[in-house]
Amino acid sequence: MKASDLFIKCLENEGVERIFGVPGEENADFMMSLKKSRKIKFVLCRHEQAAAFMADVYGRLTGKAGVCLSTLGPGVTNLITGLADANMDYAPVVAIIGQGSTERLHKESHQIMDSISMLQPVSKWAQTIFKASNITEVIRKAFKVAETEKPGVTVIELPEDIAKEEVNDIPITPTLIRRPAADNRAISDALDLILASKNPIILAGNGTIRKRASNRLRVLTKNLGIGVINTFMGKGSISMDDEHCLFTIGLGSGDYNNLAIDESDLVIAAGYDLVEYSPSAWNRIEKGKKKIIHIDYTPAEIDRDYLPNVEIVSDLAGALYQINKALIERTGRQNLPLFDIKSRKKLRDLMQNDLNLDNLSNSFPMKPQRVLADVKKVMNDEDIVLADVGAHKMWVAREYNCVNPNTCLISNGFCTMGFALPGSIGAKMAFPEKKIISINGDAGFLMNVQDLETAVRHKINVVALVWLDGEYGLIKWKQQVNFDGEHSDLKFNNPDFESLGKSFGMWGKTIKSPDELIPSIEEAFNQSGPAIIGIPINYSENMRLTKRLGKVSALI
């Protein structure tokens, strides 16, 4: 068969159902082969970066690698930001990129560049296919590496002349891989630290929302009887309604849960990625004296503020199960929970009361707290909110808490503006039965606004809330904090979002009072395609929050 036909058969063999992308002439044979597939749908996008974000979210929600495609040259450079985001947020993605004929790769030639070298720093593995007979191995490896913990991005480059070759081969069948169990001595050492501690706390990171890890964490938490703080990307690892939940850390240095870590003598860091929230922001008191247990798929990164006393390197869910089993064996089930979670009730109540402030405010432009409280009233526990990057992200991170994992997605590794709108399209394609909302700033939203047309064309009912302040609000906030209230010129103008929606052939509205928001969201979800709602926002709340919580310690 033709090499490009074999390529598609290998993708089908991997269970690929969708490919997001923008093809070029160097992908022509691939696209003709893809057209014949009955198993894979191609989602034609309007920008390669948006295609990568769609694959990113599709991959992190399903656990199977999302797939995106671009042509060579400028297609690859457009794709790279989305791939970097997926890789740093540990989302499994396989990127397929076009390339010119191998006969001209050695010389100066139209659109030719060394794409593989450029993509290597933002991927786990990147490889050119130099022979058609290598296709089956390269594709199997790309998916295996992308999906292996910690997941990330792999890249396959297919030159146009290789795609045309004749080949006699069959796909390699994927096999189930069992991740290793934790070392028994590490489990025992960790348990020694837990039993010797007086005030331990759990820091739940990005890894705890993947697959079975959240369930195991919840069981261990109840048996220990201690509080759990989640990072921006660890939302839902433990339910917001659980008495053990101490909500989300990462905004103000004086926030209640930052202070709770200050007072603790042991931090159990489960699935925590240092890229989410720097250890220097939470390991602040008597550095080196606070005990740390690191539980993750990989060894701890070297950081002078994160030097674990015990490292448990294994499958995360398995490690949490082993700790729980060892705890029961050593103490006896009748003596559990080990600690009294009621001691955290005062702290939890304080935080809950703080999170409820201004949820009913009728001021206009709207306060961020009221917007998020109204969104919560419309969304079910299984529905999904995606936050773009900007001042609104900080509010979503702190105020929007979850019952289930993977119901609030925040890009906090690479932290990329323009992530949420295309990401919401990927989320809706992964889970068409769920309600999907993206919360965007007016700056980030216009960075990928073109893919509203993709949602319209495919009749994808995603709702985009755009917070309107006419400034780069998070930059302003950071500058105000660091320069005594001063900031540079960050203002810009916005389109009329209702007219913008109409120009795409979709429903749009800009609300004029707080009471319009919930009815508008409900009407938006009744559309046959996407919807956009502009919301004037009062960002003077940013500095008020800073005064209450201390310096904003989250990185942009």
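Reader: What makes a residue part of the lining of the largest pocket?
Author: In this predicted model, 41 residues line the largest pocket, and Glu-147, Thr-148, Glu-149, Arg-179 and Lys-211 lie nearest its centre. A pocket is an open set of points on a 1 Å grid over the protein atoms alone, with protein on both sides within 12 Å along at least five of seven lines, and a lining residue has an atom within 4 Å of a point. The 41 residues are therefore called lining residues. Residues are numbered from 1 along each chain as its sequence is written, and side-chain values use heavy atoms, without hydrogens and water. Local features need pLDDT of at least 70 and side-chain atom pairs 80 or more, whereas totals for chains, interfaces and linings use all residues.

Reader: Why are S16 and S18 called paired strands?
Author: Two strands pair if DSSP finds at least two bridges between them. Six bridges join S16 (residues 463-468) to S18 (residues 531-536), so the two are paired, and they run parallel. Val-463, for example, has Ala-531 in S18 as its bridge partner.

Reader: What makes S14 and S17 edge strands?
Author: The open sheet has six strands in the order S14-S13-S15-S16-S18-S17, with parallel pairing. Strand S14 (408-410) and strand S17 (507-510) each pair on one side only, and are the edge strands.

Terms used
Helix = DSSP H or I, 4+ residues; strand = E, 2+ residues; numbered from the N terminus. 1 Å grid on protein atoms, 1.4 Å probe; cavity = no way out; pocket = protein on both sides within 12 Å on 5 of 7 lines; lining within 4 Å.
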